[in-house]
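These are my notebook entries on one structure, kept in the order in which I looked things up. I wrote down what I looked for and what I found.

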Amino acid sequence: MANLNVQIPSLKLNDGTSIPLVGYGTGTAWYKSDKGGALDRNFIDATTMALKLGYYHLDGAEVYNTEAEVGVAIKESKVPREKLFVTTKVITNIKDIPNAIDTSLKKLQLDYVDLYLIHSPFFANSDSDLQSAWAAMEKVQADGKAKSIGVSNYLLPHLTATMKTAKVTPSINQIEFHPYLQHGGPNGPLLSYMKEHNIANSAYAPLTAVTKAKPGPLDEIYAELAKKYYVSEGEIALRWCIDQDVVAITTSGKEERLSDYLRTMTFTLTPKEINEISRIGDKKHFRGFWQAKFDENDRS
C-alpha cells in the first residue's frame, strides 16, 4: 500500500468552481435496490476511509439509494464541509426537481451540493422536456442549493436542445469515457461541442479497458507503461483521463487499492503516450452502460 501525502489536483469549471479530478463513486458497486432498507454499514465505512485518504470528491445520485450513507460518512469523517466536493444526480424524480434536490440534501445532511446533475437525457420525449428540466436545474442553482449544475450521459442532440433555451451553460457532462469509448475523440462532434462551450468532461467507468473489457488491444501498452512508472495498469488508465483534463470517477472498498490510486498524482504520461493509448483504443469498441439505447457499433 502506498503511503502518500498527495493532493488530488482540481479542474476549474466554466462557472469558476473547482472540481477534484478524481472522484470517489458511490454508485454502481454500492447500489442498493431497497431505498427504504437499513443503512449499509460497509459502504459507510468504505466512504469514511476514502475521505480520510483524501478523496474529498464524492459522486452520488438519488437512484443509487446511498445518499443517506454518504451523509453519515461525511459526518463521521469530520472532514470540514469546505474541503468536500459533493455531487448528486436526479433522474428518479426528474419531474419534480425542486422536491428531488430537497430530498437529496436531507439525506446527505447538507445545505447544498457542489454539483447537481441530470443523470440521463432518456426521460425526455421532446426537446422541451430537456429544456424544462434544465430550467428547473437553473432554479436549484439560483436558490443556492447547488454551486454548479450539469448533465450526464448527454449526447450532442441533447446538449444542443438544452442550450437553445439555457441561461446557464452546463458546467460538466459526465459520460462513460475510456479508450474503448472515446465518443469520436477530441475532434468528434460531442467532445468538440463540449470544448467549444467549455463544458467539462467527466468519465465514469474510466478503468474499463483494464477491467471488464480485457483482453483487448491496449493490454500490452498498459503493461509496459505500468512497468515504466512503477504503478498499476489502473493508475495508467486514470492518468490517461487526468492528463486530458477529464474528471475520473472510480471506486473501491479496499483501502490498499484506493491508497495505490493516489500514486496517479505522482507522474504524468507524455503526450505521445496519451495519443498512443487513444490510437490503440480506437481499435476496439466497448460500451458498459446503456447498451439498450445504442446500436452495437454506435460510438457516439
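I began with A205, which I found in the loop between β9 and α7 (219-229); helices (H or I, at least four residues) and strands (E, at least two) are DSSP runs, numbered from the N terminus. A205 counts as buried because its relative accessibility is 18%, where buried means under 20% relative accessible area, exposed over 50%, and partly exposed in between (1.4 Å probe, protein chains only). Not counting residues up to four places away in sequence, A205 touches E176, F177, H178, I249 and F289, with contact taken as heavy atoms within 4.5 Å. I also noted that A205 and L238, 33 residues apart along the chain, have C-alpha atoms separated by 10.0 Å.

Before going on I recorded the basis of these values: the model is predicted, local features need pLDDT of at least 70, side-chain atom pairs count only at pLDDT 80 or more, and totals for chains, interfaces and linings use all residues. Residues are numbered from 1 along each chain as its sequence is written, and side-chain values use heavy atoms, with hydrogens and water left out.

In the loop that holds A205 I also looked up P215, which lies between β9 and α7. The peptide bond from K214 to P215 is cis, with omega near -5°. Most residues other than glycine have a negative phi, and most peptide bonds are trans. I then turned to backbone phi and found that Q109, in the loop between α3 (97-108) and β6, has a positive phi of about 60° although it is not a glycine. D245, in the loop between α8 (233-242) and β10, also is not a glycine and has a positive phi of about 60°. Q109 counts as partly exposed because its relative accessibility is 39%, and D245 is partly exposed because its relative accessible area is 45%.

Next entry, strand β9. How many of the residues of β9 (residues 200-204) are buried? I found that five of its five residues are buried, so that the strand is mostly covered. A200, S202 and Y204 point one way from β9, while N201 and A203 point the other way. In a regular strand the side chains alternate between the two faces of the sheet.

I followed β9 to its partners, two strands being paired if DSSP finds at least two bridges between them. Strand β8 (residues 172-176) pairs with β9 in the parallel sense over five bridges, and I172 has A200 as its bridge partner in β9. To strand β10 (residues 247-250), β9 is joined by three bridges, again parallel, with S202 opposite V247.

What do these strands belong to? Eight strands close into a barrel in the order β3-β4-β5-β6-β7-β8-β9-β10, with parallel pairing.

Q174 is found in β8 and counts as buried because its relative accessibility is 4%. Leaving aside neighbours within four places in sequence, Q174 is in contact with residues including D59, K89, S202, Y204 and I249. Q174 and A200, 26 residues apart in sequence, are 8.3 Å apart in space, C-alpha to C-alpha. S148 is found in β7 and counts as buried because its relative accessibility is 0%; among its contacts beyond four places in sequence are L13, D15, D114, Q141 and S171.

My last entry concerns the helices. The axes of α4 (residues 127-142) and α5 (residues 156-163) come within 8 Å and cross at roughly 60°, where axes are lines fitted to C-alpha atoms, for helices over the stretch in contact, and angles run from 0 to 180 degrees between N-to-C directions. D127, L130, Q131 and W134 in α4 meet H158, A161 and T162 in α5. In α5, H158, L159, A161, T162 and M163 are buried, and what covers the buried residues of α5 includes α4, β7 (146-152), β8 and α6. Finally, I noted that α4 lies across β5, β6 and β7, running at about 160° to β7.
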